[in-house]
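Me: I'd like a close look at one part of this model, the annotated span, and then how it sits with everything around it. Could you walk me through it in one go?

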Amino acid sequence: TRSISLAVIPGDGIGPEVVAQGLKVLTAVLPQDVKLETREYDLGAKRWHATGETLPDAELESLRAYDAILLGAIGDPSVPSGTLERGMLLKLRFAFDHFVNLRPSRRYPNTASPLAGDPAIDFVVVREGTEGPYAGNGGTVRGGTPHEIATEVSVNTAHGVERVVRDAYERARARPRKKLTLVHKTNVMAYAGHLWKSAFDRVGQEYPEVSTDYLHVDAATIFMVTDPARFDVIVTDNLFGDILTDLAAAVSGGIGLAASGNINPTRDFPSMFEPVHGSAPDIAGRGKADPTATVLSTALLLRHLGHENEAVRIEEAVSADLAERGETARTTDETGDALAARAAG
Ligand code: IPM
Ligand code: MN
């Protein structure tokens with residue numbers, strides 16, 4: 001595309017600060033003849049306090065027209081937990097069928113891994129984004145009594161599992177190591193486990209060049225700490241992927257670097273890119289937030305839209321910048337300037 005229409009949801013806390021830097025780097029990296037058109041959406045805690053709205057259907061509809069969405073962060077302690085998560089973030093993921101929640105982990109220069117021995121880390125988690133225990137399928141009976149029973153049903157469809165597994169095989173085949181690990185808990189969650197494992201094996205027959213293995217999620221957390229270099233591409237369900245990618249971020253240099261894409265690979269709907277970190281209200285508005293995860297999310301955005309060269313330039317800019325960042329504290333804006341200057345063509 002020679003133009004990119006981008007819906008921007010700065011959101012809460014440090015969201016607006018980091019998103020401003022993401023846009024700065026995007027603008028710097030794009031060639032002159034690619035027009036970036038943005039429109040800001042006022043969504044999040046402030047909006048909810050003012051109007052009681054999280055994401056009205058009319059706005060959801062209007063978001064449909066964009067090539068992509070850039071999201072900062074949502075959430076504030078003053079809003080009941082779950083309100084914005086379900087009312088906005090998950091609503092977007094479900095409505096736009098973001099079935100691939102893409103979360104790469106890489107060691108960048110000068111970053112502190114808490115792991116001994118400075119392990120090499122370069123893997124990507126393909127987290128299913130529209131099903132599993134996130135489906136909102138559950139209920140409570142005899143609520144408030146000592147006999148209350150709460151169910152939270154994990155929904156796994158053959159269609160939903162097969163398409164995310166296939167996407168993970170495609171990504172594995174495109175990488176040098178060509179290795180795909182399925183993470184689940186098939187020994188206990190036997191029904192969903194069977195659906196995942198059989199889709200994994202069946203689709204795998206179409207990808208003979210990809211080597212595969214399987215890990216229970218508990219064992220996967222051990223290996224992520226003791227031997228993260230063993231992972232190349234991981235495919236897993238929505239909840240396991242949520243937990244595993246926070247761990248992945250922690251071992252590979254911190255949540256300040258963790259980028260993500262909520263992707264609809266068919267491009268029937270706009271995909272949405274966001275840092276994995278939250279709104280960090282404790283440091284909001286003070287120019288202290290590190291915008292790197294948002295900037296790396298814009299690289300995923302560009303790659304998704306076919307601007308591979310520009311995506312690589314942003315990732316190389318982050319690498320080079322981290323290599324020379326040193327000890328002096330920088331403001332959010334200074335880091336954005338430094339990355340924009342390096343990424344500019
Ligand atoms: C994430 C977040 C969300 C999730 C929450 C805020 C609903 O933790 O993007 O990982 O669980 O997916
Ligand atoms: Mn999470």
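How far apart do the end C-alpha atoms of residues 5-339 lie, and what share of the span is helix and what share strand?

Reply: Keep in mind that this is a predicted model. For residues 5-339, the end C-alpha atoms are 22 Å apart, and the span is 40% helix and 23% strand. The span itself comes from UniProt, where an unreviewed entry lists residues 5-339 as "domain: Isopropylmalate dehydrogenase-like".

Now for the chain that carries this span. The protein chain has eleven helices and twelve strands, and its C-alpha trace spans about 50 × 50 × 40 Å along the principal axes. The radius of gyration is 20 Å, which agrees with the value near 20 Å for a compact globule, because that is what the globule rule gives with 345 residues. Buried residues account for 45% of the 345. As for how the chain connects to itself, take the contacts between residues at least 6 apart in sequence: 79% of them join residues at least 24 apart.

Domain 1 is made of 1-111 + 258-345, while domain 2 is made of 113-121 + 129-252. Their C-alpha centres lie 24 Å apart. Where the two touch, domain 1 puts in 17 residues and domain 2 puts in 15 residues. On the domain 1 side, the elements giving two or more residues are α4 and β4 (100-106). Of these, β4 gives the most, with five residues. Sorted by class, that side of domain 1 has seven nonpolar, five polar and five charged residues.

Helix α4 turns up again at the ligand. Ligand 1 is surrounded by E85, L89, L90, D242 and V276. Helix α4 (residues 83-95) supplies the largest share of this shell, three residues. By class, the shell divides into three nonpolar, no polar and two charged residues.

So where do the domains come in at the ligand? Going by the assigned bounds, domain 1 includes 1-111 and 258-345, and domain 2 includes 129-252; the shell has E85, L89, L90 and V276 on the one hand and D242 on the other.

Note on methods. Residues numbered from 1 in each chain as written. Chains lettered and ligands numbered in written order. Predicted model: local features only at pLDDT ≥ 70, side-chain atom pairs only at ≥ 80, totals over all residues. Near = placed C-beta within 6 Å. Helix = DSSP H or I, 4+ residues; strand = E, 2+ residues; numbered from the N terminus. Nonpolar A, V, L, I, M, F, W, Y, C, P; charged D, E, K, R; others polar. UniProt positions renumbered as here; feature names shortened; annotations may be inferred. Domains from an automatic or database assignment. Contact = placed C-beta atoms within 7 Å. Rg over C-alpha atoms; globule rule 2.2 N^0.38 Å. Buried ≥ 20, exposed ≤ 12 C-beta atoms within 10 Å, placed from the backbone.
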